Amino acid sequence: MVSYHRSYRTRLLAGLLIVTLLMPTSMLFVDARRDDVSANPIIDPLLAAAIENTSSGEKLPVVVYFPEGTTPESISLSIDGLELGGIEMRHVFHLIPAASLYATATGIDALSNLYPVQGITLDVERNILEEEIPEYYTLSSQDLEYEHFTETLAAEDMWGQGYFGNGTTIAVLDSGAQGDHLDLQGQLIGFKDFIGAGTDMTPGDGISAYDDNGHGTAVAWNAAGSGVASGGNLTGTAPGAKLLIIKVLDGDGAGDDSIIAEGIEFAVDQGVDVISISLGGPWMENQFIVEPSVLAITEAVDDGVSVVVAAGNSGPASFTINSPGIVQEAITVGASAGSAGVVSFSSRGPVERTINDPLGLHAKPDVIAPGSAVVSARWIDSDTDEYTPYEVEDYGANYTQWAGTSASAPQVAGLVALLKQKHSALTPTEAKIALMAGATDLGADSMEQGWGVPNVTLASEIITSGSGDLTIMTPRTYPTLPGTSSVQIVGEDRPDQNITIISTHSLGTVDVVLEGNASQFVRVGENQIFVSTGYNYLSIGLDVQSDLPLSSIGYYSGELTLTSGGQNFTSIEIEFSITTYGGRLLVDMTHHDEDLDDPSAYRYFQDYLREQGVVLDQFSGDPLLAPPSITLSDLATTEAFMIMDTETAYGYGEIEALHDFVEEGGTLIVFSEYYNETTGQASFGIDDYNRILEPYGIECLRVGIGEGPSTFTGAFYGVDNGGAVEIDPLMEGVSNLYVLWGSTLSVDPSVAGARGLFWRDTSKTQAIVAVAESGEGRVIVISDGSTLYDDILYDAIRGDADNLNLLRNLAGALQAESPRIFDVDLEADRIGDLANLTTYVFDDDLVSVDISVIGPNGEDITGSIAESLGYKYATNFILSSGGFFEVTIVATDANDNVKTFHKLFLVPLDPADDLFINIVTFSLLGIVGVSLLYVVMIRRKPKRKRSVEFQPEPQPDEYTPPPSIS
């Protein structure tokens, strides 16, 4: 890192010029029409953009908002008084002060000038959620015994007490439901179609309900399916509850947000106990206060109705909770894999508000429930590929197995019905607190699992013992995502996060007490806080300063408690570790086409890396330009490089750089690719992998493994499955592995350092894990990248395979034994002043750190080297001129392990700063112009369809493999 102080402004302007010229032309010129609508504070920006793209007279679906307390009658009178033909009324709400309508641009402009209109927004579309799940996320080992979600959630224990949800009603807002399904007959008390015209609210002769998608039938069953078609073996969580089916989505699973709000309003009017919503979409904060479904949910909870919403299937990245799941008062439900863990696709928190109260980062989801390989009712006309019949021989085509938070949310809605039957005066806040407080902690981050998997029986006991007085703080632990519980000693200052205090009664003023050794790094916004009934907020932050001594490395814990008069009301745990710097793992993201495998899909592995102080970074290039080629210089700042799911070819120079990287002490990790023996085709880059691995005596064989008994299921290998395992630190605690779609490896014992560690067969002809040593470094090869993914790990856990141990051992093996150089920082100010060079080097037995600085004229200008803290090394020199400064750092430990860092730092010529910037700017623009022209030419060429078999692009020079290592 280089920081300059004096001429920052000119360099910044030059940088902005480059960025501006790189922007698409359409972003540089603003249509004059935008001035009229974008400058209007009443019109939402999303609606303003939509107006620009509509033709004259075209009507848009919009929602108009009025002040709190405005009656439906006055709203109707105000809009009707405009007497405009460009406005078509759809619905005037009485639950919220708003109206939905169709309006032309002229009509929208007239509405924006109507007193007392507060805002006008585009009526956004919402969709069912399970469509977003990639195929490789819907994994399950169907050969393993099915785990009934009713058992996982302890619903069956409540049934044993005589509580099935009788006397309660659950409203399901979705695509409808098949009313004559065996498991739904007699369960429905009403059907309302807001998409079409079908309505049946007279249950005396049965309810005529329908579904034209299949999603709604599955959702409704999860809440209150009777189980008649399975002889009672398969049921929803509250089979005694009644269902009000409200159709707000069309046959494609889409519906306007205002329609969803209408459905919520209708459900509240009908006096339901619970509303289940398994739909949503991306949340844009400038819409938060004006999304009708969000406002309607808040009002429904205020009216005493519990609202349960699916978190979304946009994970595993943080900040992916879908709307309306972002509503604080709703019970937001993520997806678990039974009781094993959080499914990768499940959306994660936090929810961030920077405009609307409550501001800051907030915890979501609240709980998780089974959402992987869940059995539900099947609509009779469902597509067999989308909703495959489950156990046809036993149950006919009445059931299916599917995945998504859509399946999870109605299960929790059923749990609320069970609690409501037993505790008739239960409020939505009490139900939510009890389910959260009684949930089983799966050990995942609070922004992934919320409070964990609900145990409805324990929740009932909490309600009984609390006598209605319940208080919790969420998240249940701190720190959480988007950070981690591991902090490196080099320092970290994390943004404040909100702790939400949910209470069924007013606590008054309470003390905020922070205890434990973690308190020295944790800051809390207030020492006292007034806690009223409902939702209250308290800020918390983590500040681990830089330049800590090595003695600060260790585990820190504590507890944050709300207390008053000697009574502790609620508390959360605080625990984190300060670690040394263990090195860097670069994941190659450049050799992909469209199928990028984001490291967030393997959080378990990332957690193990953090425990070792290993930083995971991505090696990637600009997607608009040609991806960068891997060079030895790129690899000089990392200790390990990982290759997986390759889709584009490696050039000769890149392969040579990887070989040199290993020779100089680096660790190369290669996850092999799948080979389909039926079609005789290998996926992606198996040929390139073998070019890379050739010197090390390891070859990816064209022998496919990991094909289970059904689609998207893998297979088990190891000592219990006809295999063998060698004694090695990488294999500690590893006897069996679960693999999905991999290939095996051959190991040439004549190549020194090549070893197979985990064998498919006892004859040891096909390996699944192999290693090789070469020069100062090593190579680790594993059958397939599926070994990393969280989803596959859940199946591995259920099948008692040791994939987690393998990943933990792999992370431990990546903590480099040689010195690790964390960063090199050059601070240069003005000519004639001192320039400061600082580096951070970590090693338990570090002997020496040598620094060399060669100036632009070739002279050695290195000053004396000062060491502090056991890992910080600094030198300085007089900055006599600008130009290129060559910095070399050589660190050596007691075992003669050496780490070398070499880089050129560019310091501009201060007296001619503006001229320098101009030269650099125009030089870069020339390069960019040529590059963009090249991209345009490439994109104009017809695209070839990529076959399953990976075909490397022709190289300029014929590839000559290096000699084998002997």
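Reading the assignments in a predicted model

Modeller: The protein chain holds 23 helices and 52 strands, and the model is a predicted one. Of its 966 residues, 57% count as buried, and residues 24 or more positions apart account for 75% of the contacts with a separation of 6 or more.

Biologist: Why is I275 counted as buried?

Modeller: Buried means under 20% relative accessible area, and I275 has a relative accessibility of 0%, so it counts as buried. I275 lies in strand β12 and touches, among others, A171, L173, I264, A267 and V268, when residues up to four places away in sequence are not counted. The C-alpha atoms of I275 and P410 are separated by 8.8 Å, although the two residues are 135 positions apart along the chain.

Biologist: What makes β7 a mostly covered strand?

Modeller: Strand β7 spans residues 169-174, and six of its six residues are buried. In a regular strand the side chains alternate between the two faces of the sheet. In β7, T169, A171 and L173 are on one side and I170, V172 and D174 on the other, and all are buried, which leaves both faces covered.

Biologist: How do you know that β7 pairs with β10 and with β12?

Modeller: Pairing requires at least two bridges between the strands. Six bridges join β7 to β10 (residues 242-247), and these two strands run parallel; four bridges join β7 to β12 (residues 274-277), again in the parallel sense.

Biologist: Why are β11 and β13 called edge strands?

Modeller: The open sheet in question has three strands in the order β11-β6-β13, with antiparallel pairing. Strands β11 (254-256) and β13 (279-280) each pair on one side only, and that is what the term edge strand describes here. Between β6 (residues 125-128) and β13 there are two bridges, in the antiparallel sense, which meets the requirement of at least two. Within these strands, N127 stands opposite G280 in β13. Helix α10, residues 257-269, lies across β6, β11 and β13 and runs at about 80° to β11.

Biologist: What makes α13 largely enclosed, and how does its span compare with the expected one?

Modeller: Of the 18 residues of α13, 16 are buried, so the helix is largely enclosed by the rest of the structure. Helix α13 covers residues 405-422 and reaches 26 Å from its first C-alpha to its last, which is close to the 26 Å expected at 1.5 Å a residue.

Biologist: How many aromatic pairs does the structure hold, and which residues form one aromatic cluster?

Modeller: The structure holds 18 aromatic pairs, and one aromatic cluster is formed by Y581, F822, Y840, F842 and Y871.

Biologist: How much accessible surface does the protein chain have?

Modeller: The accessible surface comes to about 39,000 Å², and 50% of this belongs to carbon and sulfur atoms.

Terms used
Residues numbered from 1 in each chain as written. Predicted model: local features only at pLDDT ≥ 70, side-chain atom pairs only at ≥ 80, totals over all residues. Heavy atoms only, no water. Buried < 20%, exposed > 50% of the residue type's maximum accessible area, 1.4 Å probe, protein only. Contact = heavy atoms within 4.5 Å. Areas by Shrake-Rupley, 256 points an atom, 1.4 Å probe, with all protein chains shown as cover. Axes fitted to C-alpha atoms, helices over the stretch in contact; angles between N-to-C directions. Expected span 1.5 Å × (residues − 1). Phe/Tyr/Trp six-rings, centres within 6.5 Å; stacked < 30°, edge-to-face > 60°.
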